[in-house]
Amino acid sequence: MPGTRDHLATAEVLAGEALAFLRDHQYDMAQVYRDHSDLYLRLAHARHELIGADAPPPREPIVLPPWCGECDGPDLQRRWTSSEKDDGLYRCRSCNPYALSPEDASEVTSS
Ligand SMILES: [Zn+2]
């Protein structure tokens, strides 16, 4: 399904065509293209009102740094370490790209 940006791009192309017909003194054709351009502008506006902005482009896949060899395993979901001090489980600060600073202790899950 076309998104808001697609409708806006179509409206722009149609407006350009309308302008070309206008310059060529083909007023009826200019009116047809102008009306079509207006329709796509309304579609883009309505879509934005109902759905919001188009979905952001997909995120780049995360590149894992080399496994440190100290935490539970090389897979991302195993890059956790436990702490004897507070019996917590933490993302490995050596090799987990989502590792949190100690201040973000709310992410800690007890084991
Ligand atoms: Zn690690």
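Buried means under 20% relative accessible area, exposed means over 50%, and partly exposed lies in between, with a 1.4 Å probe and protein chains only.

I noted what I was working with: this is a predicted model, in which local features need pLDDT of at least 70, side-chain atom pairs count only at pLDDT 80 or more, and totals for chains, interfaces and linings use all residues. Residues are numbered from 1 along each chain as its sequence is written, and side-chain values use heavy atoms, with hydrogens and water left out.

**Zinc ion**

Which residues coordinate the zinc ion? I found Cys68 (SG), Cys71 (SG), Cys92 (SG) and Cys95 (SG), at 2.2 to 2.4 Å. Donors are N, O and S atoms within 2.8 Å of the metal (3.2 Å for Na, K and Ca); water is not among the atoms, so sites may look incomplete.

I wrote down the spacing of the donor residues in sequence as C-x2-C-x20-C-x2-C. Cys71 sits in the loop between H2 and S1, and Cys95 in the loop between strand S2 (88-91) and strand S3 (109-110), so I have a pair 24 residues apart that links distant parts of the chain. Helices (H or I, at least four residues) and strands (E, at least two) are DSSP runs, numbered from the N terminus.

I then checked the angles among the four donor atoms, which run from 100 to 116 degrees, and the site is tetrahedral. Four donors count as tetrahedral if all angles lie between 85 and 135 degrees. The ideal angle for four tetrahedral donors is 109.5 degrees.

**Gly69**

I placed Gly69 in the loop between helix H2 (27-51) and strand S1 (80-82). Gly69 has 41% relative accessibility, so I list this residue as partly exposed. From Gly69 to Cys95 I read 26 residues in sequence and 8.9 Å in space, C-alpha to C-alpha.

**Aromatic rings**

I searched the whole structure and got one aromatic pair. The ring centres of Phe21 and Tyr33 are 5.2 Å apart and the planes stand at 35 degrees, so the pair is tilted. Rings of Phe, Tyr and Trp (its six-membered ring) pair if their centres lie within 6.5 Å; planes under 30 degrees apart are stacked, over 60 edge-to-face, and the rest tilted.

Phe21 is buried at 17% relative accessibility, whereas Tyr33 is partly exposed at 23%.

**His7**

I found His7 in helix H1, buried at 11% relative accessibility.

Conventions. Four donors count as tetrahedral if all angles lie between 85 and 135 degrees; four count as square planar and six as octahedral if opposite donors are over 155 degrees apart and all others between 65 and 115; anything else is irregular.
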